[in-house]
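Visitor: Please show me the model, and then walk me through it.

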Amino acid sequence: MTETPVIEVDRLTKRYGSFTAVEDVSFEIHRGEIFGFLGPNGAGKSTTIRSILDLIRPTSGHCRVLGLDSRRDAVEIHRRIGFLPSDLALYPNLTGRQTLEYLGNLRGGVDWTRVDELTERLAADLSKKVREYSSGNRQKLGIIQALMHRPEAVILDEPITGLDPLVQLEFHSMLREMADAGGTVFLSSHTISEVERVADRVAFIRRGHLIAVERMSELQDKALRRIKLEFAAPVPASAFDGVDGVHEVSVDGPTVTAQFEGSMAPLLTIATAHDVLSVSSASVDLDEIFLEFYRDEVVAAGDDPDEPGERGARAGAPETA
Ligand SMILES: Nc1ncnc2c1ncn2[C@@H]1O[C@H](COP(=O)(O)OP(=O)(O)OP(=O)(O)O)[C@@H](O)[C@H]1O
């Protein structure tokens with residue numbers, strides 16, 4: 001039996017004039033899931049979120065939230081979910097507490113016990129006027145307003161901006177508790193470390209296209225590994241041509257380094273045929289995977305002129321389930 005997805009994006013395309021910000025993006029998020037939505041600046045994250053929430057109208061495609069139509073049922077959706085926008089607009093002359101009272105009353109009242117609990121956990125200060133807030137305190141207020149009515153699902157656009165590391169940890173625990181209790185979290189982010197820490201699945205968006213949706217645990221298993229081989233005598237790089245799963249072979253005298261994925265066995269077969277003295281290997285961390293996905297952007301920024309941007313395709317086609 002398949003449960004109705006909590007958030008469903010179906011072939012979403014958004015054009016601004018002749019510019020396509022998001023093209024043919026589809027994914028589903030299920031109950032109890034923390035879903036990371038990862039991409040560099042301008043990739044299309046906020047455009048996707050705004051379409052889900054009916055804050056902008058898609059050029060084509062549909063979004064559904066809690067089984068409701070984003071356009072037809074926008075009012076009910078907004079009542080039942082929490083949302084932290086990337087550019088939260090607040091009244092500068094209200095205090096934090098007055099702001100929450102105002103926003104809560106739009107939903108029919110404030111659960112101050114819940115507000116106090118969130119305030120304490122995030123070490124927020126609700127007594128000052130919004131115009132006197134630091135950016136971190138402003139962000140805390142944004143998080144509190146998104147969570148204070150105990151929503152079934154929450155959509156968070158870059159939530160940890162400006163938060164110190166301890167508050168980030170506490171905030172991520174809060175998201176995990178929400179998901180464990182059956183809530184759903186959509187978390188847009190630039191940073192793989194945040195997504196790695198907290199998400200169950202992650203979608204990678206680049207230049208308006210969804211390039212992969214991966215389960216975090218599978219992504220970690222899939223991580224490319226780096227191997228260093230010391231030989232008794234120099235071995236040509238061509239000895240490793242066509243070996244399954246091996247990339248980026250580089251030779252420095254009798255030392256060969258390479259990256260590989262999957263089984264190490266084919267690589268070791270070649271190595272042992274050439275009088276190998278030692279083998280060492282280490283996992284490549286997820287930051288490197290992130291860079292693999294976004295290599296074209298890195299090259300465009302002038303960081304690595306060596307490598308053509310082919311390898312983002314390694315992750316395969318987007319998941320459709
Ligand atoms: N109203 C608009 N008119 C024209 N272009 C727009 C508009 N809004 C967004 N864009 C463009 O659409 C693309 C996607 O923007 P979007 O804000 O969705 O990216 P993002 O992934 O959220 O980026 P960031 O991480 O910087 O917030 C960008 O190139 C942006 O300049």
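Visitor: What share of the contacts in the protein with a separation of 6 or more is between residues 24 or more positions apart?
Guide: This is a predicted model: local features need pLDDT of at least 70, side-chain atom pairs count only at pLDDT 80 or more, and totals for chains, interfaces and linings use all residues. Residues are numbered from 1 along each chain as its sequence is written. Two residues are in contact if their C-beta atoms, placed from the backbone, lie within 7 Å. Among contacts with a separation of 6 or more, the share from residues 24 or more positions apart is 66%.

Visitor: How many helices and strands does the protein have?
Guide: Both are DSSP runs, numbered from the N terminus: helices are H or I with at least four residues, strands E with at least two. The count is 11 helices and 14 strands.

Visitor: What is the strand order in the open sheet of four strands?
Guide: Strands pair if DSSP finds at least two bridges between them. Here the pairing is antiparallel. S2 and S5 (68-69) are the edge strands, each pairing on one side only. The order is S2-S1-S4-S5.

Visitor: How many of the residues of H1 are buried?
Guide: Buried means that 20 or more other C-beta atoms, placed from the backbone, lie within 10 Å of the residue's own. Across the 321 residues of the protein, 33% count as buried. The number is seven of eight.

Visitor: Which element gives the most to the shell around the ligand?
Guide: A residue is near a molecule if its C-beta atom, placed from the backbone, lies within 6 Å of it. Of the 13 residues around the ligand, Tyr16, Ala21, Asn41, Ser46 and Thr47 come nearest. Strand S2 (19-29) and helix H1 (45-52) give two or more residues each. The top contributor, with three residues, is H1.

Visitor: Which residue in the turn between S9 and S10 has a positive phi?
Guide: S9 (residues 201-206) and S10 (residues 209-215) pair in the antiparallel sense over six bridges. They form a hairpin with two residues between them. The residue with a positive phi, about 45°, is Arg207.

Key:
A residue is buried if 20 or more other C-beta atoms lie within 10 Å of its own, exposed if 12 or fewer, and partly exposed in between; C-beta atoms are placed from the backbone.
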